[in-house]
Structure formats: C-alpha cells, structure tokens
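Colleague: I have a new model open and want to learn how to read it. Can we go feature by feature?

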Amino acid sequence: MSQHYKNFLSLLERWPVDKSKVGRDLGQYLRDQLTAVLGSSNIVAVKDDRLQRQFHSLENIVNDVHANRYPRTLKSTATGLTGEQCREVLSTEFLEIIQKKKE
C-alpha cells in the first residue's frame, strides 16, 4: 500500500461525512476520489508533489488551521443567518422541500 494512500486514509478518518447533504457532501466526494485515484492502477501516473500539496491543503482544512488562525468575530453570515441556519438551508431535505414547492 502506498504511503500516499495511508496518509489520505488517515486524513479521511478524521473528516466527517454530513448526512444532511446526501450526494453533495465534500467528505464523501473526497472518499470517492481517493478510491478512483489511489485505488487504481494509475497510481504511478500521479505526481508525488501534487499529491503532497493536496494532502497538506486538505489536512489544513480538517485541522481547522485557518479557522483557528483567523477566528470569526461575528456570529452571522452575509445573508444574516447563523451558521446553523445556513446548514439547515443547505440540507438535502430542505432543498427537496423547496423543489416540491416549485412544482
């Protein structure tokens, strides 16, 4: 097993899957991409430096590096909604309700 695969696997173990965003969740997308790229025979074609940069960037996200370095001072967003309200609005369930009302 390649070292890249082990690194990404340990990263994804710490990456949550948002069940409210079925089919649109970044965590699930990353898992699918890991399987497609690192689980296939074309691993030799993937550049080492590119994988290292991608791994480092994703690790910064999962470890909240930038969120801790630049903490938010406001509790609202540009829309005026709280973070929790934004999560609810972006959920698959809410989007299905909106879609049904359009019909």
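Modeller: Start with exposure. Partly exposed means a relative accessible area between the buried cut-off, under 20%, and the exposed cut-off, over 50%. Asp64 has 41%, so Asp64 counts as partly exposed. Bear in mind that this is a predicted model.

Colleague: Where does Asp64 lie?

Modeller: Asp64 sits in the loop between α3 and α4 (65-69). Check its backbone too. Asp64 is not a glycine, yet its phi is positive, about 55°.

Colleague: Step back to the whole chain. How many helices and strands does the chain have?

Modeller: Six helices and zero strands. Along the sequence the pattern reads α-α-α-α-α-α. Of the 103 residues, 17% count as buried. The accessible surface of the chain is about 8100 Å², and carbon and sulfur atoms account for 56% of that.

Colleague: What share of the contacts in the chain between residues at least 6 apart joins residues at least 24 apart?

Modeller: The share is 58%.

Colleague: Next, salt bridges. How many does the structure hold?

Modeller: The idea is simple: a side-chain nitrogen of Lys or Arg lies within 4 Å of a carboxyl oxygen of Asp or Glu. The structure holds three. Take Glu59 and Arg14, whose closest N and O atoms are 3.8 Å apart. Glu59 is in helix α3 and Arg14 is in the loop between α1 and α2, so this pair ties together parts 45 residues apart in sequence. Glu59 is partly exposed at 23% relative accessibility, and Arg14 is partly exposed at 39%.

Colleague: Which side chain does Asp49 meet in a salt bridge?

Modeller: Arg53, at 3.6 Å from N to O. Asp49 is partly exposed at 47%, whereas Arg53 counts as exposed at 53%.

Colleague: What about Glu84?

Modeller: The Glu84 side chain meets that of Arg87 in a salt bridge, 3.4 Å from N to O. Both lie in helix α5, three residues apart, about one turn of the helix. Glu84 is partly exposed at 43%. Arg87 is partly exposed too, at 46%.

Colleague: Now pockets. Which residues lie nearest the centre of the largest pocket?

Modeller: Pro16, Asp18, Lys21, Gly83 and Arg87, out of 14 lining residues. The elements giving two or more residues to the lining are α2 (26-38) and α5 (83-89). Helix α5 gives the largest share, three residues. The pocket volume is about 440 Å³.

Colleague: Last, the surface. Which residues make the nonpolar patch?

Modeller: Val89, Leu90, Phe94, Leu95 and Ile98, over about 360 Å². Helix α6 (residues 92-102) contributes the most, with three residues. Phe94 lies in helix α6. Phe94 counts as partly exposed, at 32% relative accessibility.

How values were computed: Residues are numbered from 1 along each chain as its sequence is written. This is a predicted model: local features need pLDDT of at least 70, side-chain atom pairs count only at pLDDT 80 or more; totals for chains, interfaces and linings use all residues. Side-chain values use heavy atoms; hydrogens and water are left out. Patches are made of residues with over 30% relative accessible area and no salt bridge: like charges are joined within 9 Å, nonpolar side chains (Val, Leu, Ile, Met, Phe, Trp, Tyr) within 5 Å. Accessible areas come from the Shrake-Rupley method with a 1.4 Å probe; for residues, only the protein chains shown count as cover. Helices (H or I, at least four residues) and strands (E, at least two) are DSSP runs, numbered from the N terminus. Buried means under 20% relative accessible area, exposed over 50%, partly exposed in between (1.4 Å probe, protein chains only). Contact means heavy atoms within 4.5 Å. On a 1 Å grid over the protein atoms alone, a cavity is a set of points where a 1.4 Å probe fits but cannot get out, and a pocket is an open set with protein on both sides within 12 Å along at least five of seven lines; lining residues have an atom within 4 Å of a point. Grid points are joined across faces, edges and corners, and a volume is the space filled by probe spheres set on the points.
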